[in-house]
Amino acid sequence: MNILSLFPAVPLLMMLGLWLSRTRKQILSVMVTGSSLLLGLAIALVFIYLGMRADGQTSEMLLTDSFTWYKPLNIAYSVGVDGISVAMILLSAIIVFTGTFASWKMASDVKEFFICFCLLSVGVFGFFISLDLFTMFMFYEVALIPMYLLIGVWGTGRKEYSAMKLTLMLMGGSALILIGILGIYFGSGATTMNITEIAGMHNIPLQMQRVWFPIVFIGFGVLGALFPFHTWSPDGHASAPTAVSMLHAGVLMKLGGYGCFRIAMYLLPDAAQELSWIFIILTTISVVYGAFSACVQTDLKYINAYSSVSHCGLVLFAILMMNTTAATGAVLQMLSHGLMTALFFALIGMIYGRTHTRDIRELGGLMKIMPFLSVCYVIAGLANLGLPGLSGFVAEMTIFNGAFMDNDTFHRVVTIIACTSIVITAVYILRLVGKILYGTCTNPEHLKLTDATWDERLAVTVLIVAIAGLGLFPLWMSDMISESVLPIISHILN
């Protein structure tokens, strides 16, 4: 079996193991074993991929495999990876592993929760390894379906409203994606749905590209929090349980940016060049609007949710610049934001589990009460505002450097506008840290709270190590990504 097929297969086996489990101990054993195996496979995949590149294998996609599913439409189970896919698989494995420990104290319907969690993981991993348009879309849908149950059943607050809003908006985006995929397939006259083969044909008429590019880009952009289709994101994040928020913001939203780059821009390059200015304006609004919105929130989850809108907007902003440096920064930003926001949501869930509030007006003085969690929160905040030495700095610096290096005046103006988000982010992060960690504790009950347990310490430590590792040693990841970005950008521009 191709190693890539193991990534969706392992969560499926985990679902079977969960179904057969009878006790809480058995359920947690299945999750720890499965998530550890996924993380080990992801690390092994990185070394395998780098080894194949070092051996001189120059194919755009490596570890490819394919067999036909449905002959009349030439639908095949086609898999393969490049540096971008490998980075996303590694990110997904880290979030699944840490999300397992962040959910260690899940109280109700534990088996059913983790079954839905694993089904979501199947869709995410399957999406990133797929080369066939229809197979990719199928895994995309598999990733979205469990979100309704995970939020609607195990969420908090207005969970039914949030779950319904999220599902309807993302399914609307899915409808656009399906229409666009069929338009690309029939418009290209291809005899296959393989992405690389359709791109190689390069024969979709410009008139058709002008129709399908906005449809596909908006379809994936809904999941990537593209303005004005982002409104599901804050409500969905605020109501989701901790591990679901981690996987949703950390990985699921990356499907949007990945799809915009891999399908919309790669397969419809002429329209991408012609219409990119429209979406550059929208993504610039996302970046600045998300940062300003985070400043006025009082709920910890809403602050992080609007921050995610801003940071995911940077991903789409960068790929629309259509140069290798900015696009490499976009993938680094997907990695960085995935780790940072997962850490933030994990810490927020741990704080909420003790204080039973997410309102910053009711929190204060947590540094003395919960020093470990508080220090980790400071690290997450510093990564979010782009402190050198952490992942946020590497990603944002690469994006803005790539965006500004273009001599186009329009690109430089919007880049300067987008750069203001750095200052705005610093404002709300420093205000937030000062208020809840170093302020005065106004609730006497909070003085009795305990610090992180072993499972919580393990989850946040793994995320912090990954954030610091990417920030201090970014070149190996950056080089791996840029090698895969270069042929895509060359194809778009030629």
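Residues were classed as nonpolar (Ala, Val, Leu, Ile, Met, Phe, Trp, Tyr, Cys and Pro), charged (Asp, Glu, Lys and Arg) or polar (the others, Gly among them). The structure is a predicted model, in which local features need pLDDT of at least 70, side-chain atom pairs count only at pLDDT 80 or more, and totals for chains, interfaces and linings use all residues. Residues are numbered from 1 along each chain as its sequence is written, and side-chain values use heavy atoms, with hydrogens and water left out.

Points are joined across faces, edges and corners, and volume is the space filled by probe spheres set on them. Helices are DSSP runs (H or I, at least four residues), numbered from the N terminus.

The largest pocket has a volume of about 560 Å³. Its lining comprises 28 residues. Ala-102, Met-106, Thr-242, Gly-349 and Gly-353 lie nearest the centre. Helix 14 (324-355) is among the helices that supply at least two lining residues each. Helix 14 gives the most, with 6. The lining has 14 nonpolar, 8 polar and 6 charged residues.

The second largest pocket holds about 340 Å³ of space. It is lined by 15 residues, with Leu-90, Ile-94, Val-465, Ala-466 and Trp-476 nearest its centre. Helix 19 contributes the most, 5 residues. This lining has 14 nonpolar residues, 1 polar and no charged.

Conventions. On a 1 Å grid over the protein atoms alone, a cavity is a set of points where a 1.4 Å probe fits but cannot get out, and a pocket is an open set with protein on both sides within 12 Å along at least five of seven lines; lining residues have an atom within 4 Å of a point.
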